[in-house]
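Keep the sequence and the model open beside you, and try each task before reading its solution.

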Amino acid sequence: MIYETWMSCIKDEVKLTELVIPGAHNAGSYGMKKMAECQKDNLLTQFRFGMRHFCLRLNTTKKGELVLAHGITKGDLFENALKDIRAMLMQYPTEILLLDIREYYPQKFGPVTLTYKADKHQVDALLRQYIEPEKYAFTDFEHIKDVTLGDIRRAGKRYILINDKEEYAYSRDCACILPWKKEVNCAKAAHFADTTLRFFDDYQTDGLYWFQTQQTPYPFTEIGLTNPKKLDESLRPYFSKIINGIKANPFYLKSANIIAGDFMTEDYLKSREILQLNLLKGNVREGMTEIYQNGLT
C-alpha cells in the first residue's frame, strides 16, 4: 500500500490548494473521553493511514503542561504529539505536512465564555526541540495559493506551520475556509450526506478549502448530543456517496482540497476514497498512475 508515501507520486507543479489531502478532524483527540474523542489512534498512525493535515488544539494543565485539547477535555501531552511528527519527518522524507496548531478557540455558552491558554513561548520551545521549524518549516511565500509541492521540495522543507495569528516562530497565516452550518452539520447521516456538498456552491476561496465530512453533536438538533463514534458509525455507509458526489461534479472536484473526517484510522475506506480524487484531478505523476492506484487497494 502507498498510504505512507503517497505524496511521492504527486507532480511538482501541483499547488497545495489543488491537491486532495486527507485530514484528521481534531487530530489530537485520541484517547479522550467518548464525548470528545474524534480519532482513536495517535498522529503517527494517522499519518500511516494517509493523513497529511493535522489540526491540533492546545490547552494547559494546572501543572503547567501543554496538552492537546477538545473544548474543556484535555488529552495527551503536546510533547508526545510532536514526537510523532518528528518520527514522520525522519522516516518519510517524501511527505509534506500541514500542521494547523493553535490554542483551542474560545467557546461561548450563554453569558459565559470559556477561554483556553497555551503560552506561545512554551509552544515555541517544544516546536524547536522536536520539529525544528528553523530547518523544516516552509515560509517563503506571500499567499498559500501560489505554493506548489515543488516549491517546498526544492527548498528542502517538510511542513507548513499554520497559525492564523502567526503566534509561533516560522508560523504562517494561510488563507483558509472551513464551512459549517448547524442545519447541515447537525443533521442525521442521510440528510448530511445529501446536503454537505452544497458548501462547494456556497463558499469559494483561493486559499485552502477545509471540507469536513463529519457531523457535529449539538443540543436541540436532529442528532442532538451524542458521541462522535456513534455518529461516525451511522455516517460511514454514506461516505462513498459524498465522495462520488465530488467526482460527478467538475466544480466540486476542482474545489476539493483538504477533506477531513473523524476516526480516519478505523480502516482505509476514507483515505482510499479521498486519495483517489488526485487521479481524477490529474495530480499524479506520469508513469506512476498505476502504482498510485494499486497502492490504494
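Buried means under 20% relative accessible area, exposed means over 50%, and partly exposed lies in between, with a 1.4 Å probe and protein chains only. The model is predicted, so local features need pLDDT of at least 70 and side-chain atom pairs count only at pLDDT 80 or more, while totals for chains, interfaces and linings use all residues. Residues are numbered from 1 along each chain as its sequence is written, and side-chain values use heavy atoms, with hydrogens and water left out.

**Exercise 1. Cysteines**

Task: find out how many disulfides the structure holds, and decide whether C9 is buried or exposed.

Solution. 
- Start with the cut-off: a disulfide is a pair of cysteine sulfur atoms within 2.5 Å.
- By that test the structure holds zero disulfides.
- Take C174 as a worked case: the nearest cysteine sulfur belongs to C176 and is 8.3 Å away, and C174 is in no disulfide.
- Now turn to accessibility. C174 has 8% relative accessibility and counts as buried.
- C9 is buried as well, with a relative accessible area of 0%.

**Exercise 2. Aromatic rings**

Task: describe the pair made by the rings of F200 and Y209, then say which residues form one aromatic cluster with them.

Solution. 
- A pair of aromatic rings is described by the distance of the centres and the angle of the planes.
- Rings of Phe, Tyr and Trp (its six-membered ring) pair if their centres lie within 6.5 Å; planes under 30 degrees apart are stacked, over 60 edge-to-face, and the rest tilted.
- The structure holds 11 aromatic pairs.
- In one of them, the centres of F200 and Y209 are 5.0 Å apart and the planes are at 40 degrees, so this pair is tilted.
- F200 is buried at a relative accessible area of 0%, and Y209 is buried at 4%.
- The cluster consists of F200, Y209, F211 and Y252.

**Exercise 3. Charges over rings**

Task: which ring lies under the charged end of R172, and which under that of K229?

Solution. 
- The test asks for NZ of Lys or CZ of Arg within 6 Å of the ring centre and within 35 degrees of the ring normal.
- R172 has its charged end over the ring of F141, 4.2 Å from the centre.
- For K229, the ring is that of F263, with the charged end 4.8 Å from its centre.

**Exercise 4. The largest pocket**

Task: give the volume of the largest pocket and name the residues that lie nearest its centre.

Solution. 
- On a 1 Å grid over the protein atoms alone, a pocket is an open set of points with protein on both sides within 12 Å along at least five of seven lines; a cavity is a set where a 1.4 Å probe fits but cannot get out, and lining residues have an atom within 4 Å of a point.
- Grid points are joined across faces, edges and corners, and a volume is the space filled by probe spheres set on the points.
- The largest pocket has a volume of about 1400 Å³.
- Its lining has 43 residues, and H70, Y104, Y105, Q107 and T216 lie nearest the centre.

**Exercise 5. The largest cavity**

Task: how many cavities of 30 Å³ or more does the structure hold, and which residues line the largest cavity?

Solution. 
- The structure holds one cavity of 30 Å³ or more.
- The largest cavity has a volume of about 50 Å³.
- Its lining is made of T213, Q214, Q215, P228, L231, D232, L235, D262 and K270.
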